[in-house]
Amino acid sequence: MKFRAKIVDLACLNHFTRVSNMIAKLAKTCTLRISPEKLNFILCDKLASGGVSMWCELEQENFFSEFQMEGVSEENNEIYLELTSENLSRALKTAQNSRALKIKLTNKHFPCLTVSVELQVSSSSSSRIVVHDIPIKVLPRRLWKDLQEPSIPDCDVSICLPALKMMKSVVEKMRNISNQLVIEANLKGELNLKIETELVCVTTHFKDLENPLLPSDSVSQNRHPEDMAKVHIDIKKLLQFLVGQQVTPTKAVCNIVNNRTVHFDLLLEDVSLQYFIPALS
């Protein structure tokens, strides 16, 4: 197995750093899947995180000026690495305004993702190299089947989200009252965030949101537009998702499968993020 890549464009470097920061906020550890065309950051921690899963995808050609990889074999030309998200995020923070960034799969007594940052030395033409060795675990092929792109369930309601910063400030206030939240929406562009305790019931209403068109065979074709589809979820998991969003997305859609799961589908320039939060049992 081999992997080496290089970023020289500053805008690409800063964008890749932002993606890495987002992943660090969403998942303590994640799997990095490397294939010839794409990089994926995957969280599929069914038991430990109560079923929260994440699939983040970026096309390598949009970020890297050089990209070489050889997978496990010709027919399985992929590499799956498990790493601590914060370690990658921390290494990339040193790369801001750098000349170049190189990432390489190495073995230094243990498997590493080695990040080399070429920094400009002020007031001179020389540069210095800062190297970070990030410990990783190379995942064997028998574990790959659990790390494939999640299938999108047929949803009851699909709705565009309001501004995520506004949603975050609402959910932060609600967390002080309850650790559970109901997210509900209908096909009339209405989305509600609701908490109920023995003493109080608080609901925030968002109206005039867009409902994306769904496939003609979708479940929601037979729904009455005012009927709410809802999911009861852990408020901390929703807040973790909202805190992770540092960049205003190009597209942000919430798909609700009644009483089962909520699926967030975001497009951040040329990076796609899917995030699933299951209903509380």
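Modeller: Start with the contacts. This is a predicted model. Of the contacts in the protein chain with a separation of 6 or more, 64% are between residues 24 or more positions apart.

Biologist: What makes two residues a contact?

Modeller: Their heavy atoms must lie within 4.5 Å. Take threonine 31, in strand 2 (residues 29–34). Leaving aside neighbours within four places in sequence, threonine 31 is in contact with residues including Asn40, Phe41, Tyr80 and Leu147. Threonine 31 and tyrosine 80 are 49 residues apart along the chain, yet 6.5 Å separates their C-alpha atoms.

Biologist: Why is threonine 31 called buried?

Modeller: Its relative accessible area is 5%. Buried means under 20%. The value for threonine 31 is 5%, so the residue is buried.

Biologist: Which share of the 281 residues is buried?

Modeller: In the protein chain, 48% of them.

Biologist: What is the chain built from, in helices and strands?

Modeller: The protein chain has four helices and 18 strands.

Biologist: Why is the chain called as compact as a globular protein of that length?

Modeller: Its radius of gyration is 21 Å. The globule rule gives 19 Å for 281 residues. Along the principal axes, the C-alpha atoms fill a box of roughly 65 × 50 × 35 Å.

Biologist: And the charges? How many positive and negative side chains are there?

Modeller: The protein chain has 33 positive and 33 negative ones. The centres of the two sets lie 8 Å apart.

Biologist: Now the rings. How many aromatic pairs are there?

Modeller: The count is seven. One of them joins phenylalanine 241 and phenylalanine 264.

Biologist: Why is that pair, phenylalanine 241 and phenylalanine 264, called stacked?

Modeller: Two values are needed. Rings pair if their centres lie within 6.5 Å, and planes under 30 degrees apart count as stacked. Here the centres are 4.5 Å apart and the planes are at 20°, so the pair is stacked.

Biologist: What parts of the chain does the pair link?

Modeller: Distant ones. Phenylalanine 241 is in helix 4 (residues 235–243), and phenylalanine 264 is in strand 17 (residues 261–268). They are 23 residues apart. Phenylalanine 241 has 0% relative accessibility, so it counts as buried. Phenylalanine 264 is also at 0%, and is buried.

Biologist: Which residues form an aromatic cluster?

Modeller: Phe3, Phe16, Phe63, Phe64 and Phe67 form one.

Biologist: What makes histidine 109 exposed?

Modeller: Exposed means over 50% relative accessible area. Histidine 109 has 84%, so it is exposed. Histidine 109 sits in the loop between strand 7 (100–107) and strand 8 (111–120).

Biologist: Is lysine 28 buried or exposed?

Modeller: Exposed: lysine 28 has 74% relative accessibility, and the cut-off is over 50%. Lysine 28 lies in the loop between helix 1 (10–26) and strand 2. Not counting residues up to four places away, lysine 28 touches Leu83, Thr84, Ser85 and Glu86.

Biologist: Last one. Why does aspartate 234 count as buried?

Modeller: Aspartate 234 has 15% relative accessibility. The cut-off is under 20%. So aspartate 234, at 15%, counts as buried. Aspartate 234 lies in strand 15. Aspartate 234 touches Asn179 and Leu280, leaving out residues up to four places away in sequence.

Key: Residues numbered from 1 in each chain as written. Predicted model: local features only at pLDDT ≥ 70, side-chain atom pairs only at ≥ 80, totals over all residues. Heavy atoms only, no water. Helix = DSSP H or I, 4+ residues; strand = E, 2+ residues; numbered from the N terminus. Rg over C-alpha atoms; globule rule 2.2 N^0.38 Å. Buried < 20%, exposed > 50% of the residue type's maximum accessible area, 1.4 Å probe, protein only. Lys, Arg positive; Asp, Glu negative; His and termini not counted. Charge placed at Lys NZ, Arg CZ, Asp CG, Glu CD. Phe/Tyr/Trp six-rings, centres within 6.5 Å; stacked < 30°, edge-to-face > 60°.
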